[in-house]
Amino acid sequence: MKKLIFMGVMGLFLLGSCNSKSDHDHKGHDHKTEETHNHDHEGHNHDHEGHDHEGHDHASENHEGHNHGTEKETGHSDEIILAPEKAKAAGVESEIIRPKSFRQVITTSGQVQAAQGDESVVVANVAGVVSFRHPVTDGMSVSKGTSILNISAENMPDGDPVKRARIAYETAKKEYERAAKLVESQIISQKDFNTIKESYENAQLAYGAISKNQTKTGVSVTAPLGGYIKNCLVQEGDYVSVGQPLVSITQNRRLFLRADVSEKYYGYLHSIQSANFKTPYDNKVYELGELKGRLLSYGKASGGTSFYVPVTFEFDNRGDVIPGSYVEVYLLSSEMPDVLALPVTALTEEQGLYFVYLQLDEEGYKKQEVTLGAGNGKEVQILTGLKAGDRVVTKGAYQVKLASASNAIPAHSHEH
């Protein structure tokens, strides 16, 4: 009985100890878990707050730096830097523009023509076959009296015209000498004698005209004046008849400039005083004022098949102007005072817009858009974009344009 009681007490003791240990372990576990959880949570909040604070300051600092850089770029984005030594090496020149008188200009097309009396066409004086003693080419220089080609009819069915002319002359001469004796004896009438005399004189003229240039190879055709071969109109072996053109010769001393002007400018033609023209083969602008040019006339009406009115000038050919060439003509009318004008070398063109470059200081330049007015081939009127006193690049504008491309600042970017 005592043994059972002892075992019962021991069981109750063990059961109480077990419950107490279980409660203690559970409570310890909860505390550790709670403490760990709270600590992690607080640490997370601490890290989060620190991250927000520092990240925000850093982003703000970067943002302010970016704004500062943008403002700096904007302040200098329109200035082009070109060192003075590089500008000099590239041939860049500038000048201050001032108002000046400028002539109104009518731009049209025209043709350079040989002046009357300075050009001659050589024609055949006998019929026959052409042969050249020396090659004849366009532009070749010839002197007056120089043999250009020969015309021979030796093997033609009608025979040699020179021989026939000589026979006709000799026959007419004998008839004339016989008639002269008969008229003295009054065997023939004076009327018949006059007819025989006329036939003789005509035969003499015909033979003399072609016999003086007679050679072994035919009749020689010579240059009637000194100058240049403008056109050779025949080839070796061609058959020509009397009066047919062979070559044209020009002296090129005085030339005509014929401009074809639209009818809408007819009211301005009376005020035209001079002209400039530009040739297509050397792209050079000639001024009639420097070539002793003068206005000859302008048409009072347009042609029946044309809507243009001709305006004709005369000038000295002191340059390499080719008669017959088509040119671009700038008719100079009355003067306009106080006009801003620039040389055409100062202009650059981009997609139909025109720009010039202003020189701001020794090495700074600025691109400026301008609106153009009339032009005379060398200068052009500036309507808008410039003012008196501006220093403008007049030579080497494209070199400044290339410098602006090389100075371009790349777009700003962020790396996150």
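**Figure 1. Overall view of the chain, with its five helices and 24 strands.** Helices (H or I, at least four residues) and strands (E, at least two) are DSSP runs, numbered from the N terminus. The model is predicted: local features need pLDDT of at least 70, side-chain atom pairs count only at pLDDT 80 or more, and totals for chains, interfaces and linings use all residues. Residues are numbered from 1 along each chain as its sequence is written, and side-chain values use heavy atoms, with hydrogens and water left out. Of the 416 residues of the chain, 30% count as buried; buried means under 20% relative accessible area, exposed over 50%, and partly exposed in between (1.4 Å probe, protein chains only). The chain exposes about 27,000 Å², of which carbon and sulfur atoms supply 52%. Accessible areas come from the Shrake-Rupley method with a 1.4 Å probe, and for residues only the protein chains shown count as cover. Among contacts (heavy atoms within 4.5 Å) with a separation of 6 or more, 77% are between residues 24 or more positions apart.

**Figure 2. Close-up of the largest nonpolar core, which has 21 residues.** A nonpolar core is a set of buried Ala, Val, Leu, Ile, Met, Phe, Trp, Tyr and Cys residues joined through side-chain atoms within 4.5 Å. Val112, Leu257, Phe277, Phe313, Phe315, Val329 and Leu331 have the most contacts inside this core. The elements that give two or more residues to the core are strand 3 (100–114), strand 13 (254–262), strand 14 (274–278), strand 17 (308–316) and strand 18 (326–339). Leaving aside residues up to four places away in sequence, the residues touched by Phe315 include Val112, Leu257, Phe277, Leu288 and Leu291. Phe315 also touches Arg253, Arg254 and Lys292. A second, separate core of 20 residues includes Val126, Val221, Leu225 and Ile229. In soluble globular proteins, nonpolar side chains tend to be buried together.

**Figure 3. Close-up of strand 13 and its pairing with strand 3 and strand 17.** Two strands pair if DSSP finds at least two bridges between them. Strands 3 and 13 run antiparallel and are joined by six bridges. In this pair, Gly110 stands opposite Ala259 of strand 13. Strand 13 and strand 17 also run antiparallel, with nine bridges joining them. Here Glu314 in strand 17 is the bridge partner of Phe256.

**Figure 4. Close-up of salt bridges, of which the structure holds 13.** A salt bridge is a side-chain nitrogen of Lys or Arg within 4 Å of a carboxyl oxygen of Asp or Glu. Lys387 forms a salt bridge with Asp390, with the closest N and O atoms 3.1 Å apart. Lys387 is exposed, at 54% relative accessible area, whereas Asp390 counts as buried at 12%. Salt bridges that share partners also join Arg254, Arg294, Glu314 and Asp316 into one network. In the pair of Asp260 and Arg258, the closest N and O atoms are 3.4 Å apart. Asp260 counts as partly exposed at 25% relative accessibility, and Arg258 counts as partly exposed at 33%.

**Figure 5. Close-up of the salt bridge between Glu119 and Lys230 and of a nonpolar surface patch.** The closest N and O atoms of Glu119 and Lys230 are 3.2 Å apart. This pair links distant parts of the chain: Glu119 is in strand 4 (residues 119–123) and Lys230 in strand 10 (residues 227–232), 111 residues apart. Glu119 is partly exposed at 28% relative accessibility, and Lys230 is partly exposed with a relative accessible area of 28%. Val121, Val123 and Leu233 make a nonpolar surface patch of about 240 Å². Patches are made of residues with over 30% relative accessible area and no salt bridge: like charges are joined within 9 Å, nonpolar side chains (Val, Leu, Ile, Met, Phe, Trp, Tyr) within 5 Å. Leu233 lies in the loop between strand 10 and strand 11 (239–240) and is partly exposed, at 48%.

Figure 6. Gln186 is in the loop between helix 3 (161–184) and helix 4 (190–211) and is exposed, with a relative accessible area of 70%. Lys292 is in the loop between strand 15 (285–287) and strand 16 (294–298) and counts as exposed at 60% relative accessibility.
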